[in-house]
Amino acid sequence: MTVAVCATVKNEVEEIAELVQSLKAQSFAAHQLVIIDGGSDDGTLEALREATRDDDRFLVKCAVGSNIAAGRNLAIAETEASVIAITDAGLHRSTNWLQSLVSTLESDPSAAGAFGYVLASPETTFEAALGAVVLPLPHQPRPERYPPSSGSVVFRRSWLDRVGGYPEWLAHGEDLWLDRAIWAEGGFFRHARSADVGFRPRRSAGAFFRQYFNYAVGDGQAGMLWAKHLIRFASYVLGVILLCLWSAVSLSVLVVLMGVYFSASFRRASTMNRLAAVSNPVRVLALIPCLRVLGDLAKMMGFVVGATRWRPRR
């Protein structure tokens, strides 16, 4: 069995040193490490070449104008490895990250792949609140229903070939589309506990809005998660109706429903406060409803935009 690690980057010069050092420090040595730059203009490509020049396993290429899916497919095509691990810059990995992925995959020959959860690694009050809103705690997801993020996943090459790789026609949500394509073919993934990675949430409300708007555009364009998005629209319509009725009963019902809706994020808040280097617990609690609603607005707007671009595809 041969193992390759593939990654794509663009304008992430500040993350390059940690990415390369993390991959070099893995207890399991990949046979090849392929990194595709999507056309950076901030010095990312030069930093990559400098950081990897002392390790012949690295292959760095530039593909100007390529999206994430195209970059990943190009990286995969550059190696003949039978097992392909995919990751991103900006993630915190343990030195056993790759070993855990590969060992978990080897433990079940029928599995299409193995994955680690992407967990919040906040540093500020805002990031702690956002982490509580958008990312799970390690014990919360159900592994059999968790769609692996391409920040921490390994595939058997045969499965990537079977479904045709990442969808290059999709600018966002390409990893979810690939997961669903593999599930549709009867494939499944195993969770590798030591392959969980830390991710620092977006630093501002604007960056968060753009991130989830783009995710939802991908959902709409690919025809994914229609039921979840329609439930979100219906929930807000119900909330507006209850607010417009403006009676003791309707407002009471609205408050109860809001409490239930925000409860999972509130329960994660104490953990996020402990993880953050600097965090104000009161501000975190105050920010959670605001960020949850902002994220929902981003998703609803993005889904509508994406749905106008929808075309039936395999």
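**Exercise 1.** Classify Glu50 by its relative accessibility, then find its salt-bridge partner.

Solution. Start with the cut-offs: buried is under 20% relative accessible area, exposed is over 50%, and partly exposed lies in between (1.4 Å probe, protein chains only). Glu50 has 47% relative accessibility, so Glu50 counts as partly exposed. Next, apply the salt-bridge rule: a side-chain nitrogen of Lys or Arg within 4 Å of a carboxyl oxygen of Asp or Glu. Glu50 pairs with Arg53, with 2.9 Å between the closest N and O atoms. Arg53 is exposed, because its relative accessibility is 62%.

A note on the model: it is predicted, so local features need pLDDT of at least 70 and side-chain atom pairs count only at pLDDT 80 or more, while totals for chains, interfaces and linings use all residues. Residues are numbered from 1 along each chain as its sequence is written, and side-chain values use heavy atoms, leaving out hydrogens and water.

**Exercise 2.** Which parts of the chain does the salt bridge of Lys61 and Glu78 link?

Solution. First, the distance: the two side chains meet at 2.9 Å, N to O. Then place the residues. Lys61 sits in strand E3 (residues 58-62), and Glu78 in the loop between helix H3 (68-77) and strand E4 (83-88). Helices (H or I, at least four residues) and strands (E, at least two) are DSSP runs, numbered from the N terminus. The pair links distant parts of the chain, 17 residues apart. Last, the accessibility: Lys61 is partly exposed at 32%, and Glu78 is partly exposed at 26%.

**Exercise 3.** Where do Arg162 and Glu185 lie, and how many salt bridges does the rule give?

Solution. Arg162 and Glu185 form a salt bridge at 3.6 Å, N to O. Arg162 is in helix H6 (residues 157-163) and Glu185 in the loop between H7 and E9, so the pair ties together parts 23 residues apart in sequence. Arg162 is partly exposed, with a relative accessible area of 46%. Glu185 is partly exposed too, at 30%. The count comes to twelve salt bridges. Arg72, Asp88 and Glu174 are linked in a network of them.

**Exercise 4.** Is Phe189 buried or exposed, and which residues are in contact with Phe189?

Solution. Phe189 lies in strand E9 (residues 189-191). Its relative accessible area is 7%, so Phe189 is buried. Now list contacts, meaning heavy atoms within 4.5 Å. Leaving aside neighbours within four places in sequence, Phe189 touches Gly113, Ala114, Phe115, Pro148, Phe155, Asp179, Ile182 and Trp183. Check Ala114: 75 residues from Phe189 in sequence, 5.0 Å in space, C-alpha to C-alpha.

**Exercise 5.** Find the side chain of opposite charge nearest to Asp179.

Solution. Asp179 is found in helix H7 (residues 174-184). Lys and Arg count as positive, Asp and Glu as negative; His and the chain ends are not counted. The nearest opposite charge is Arg180, 8.7 Å away. Asp179 is buried yet has no salt bridge. Leaving aside neighbours within four places in sequence, Asp179 is in contact with Pro147, Pro148 and Phe189.
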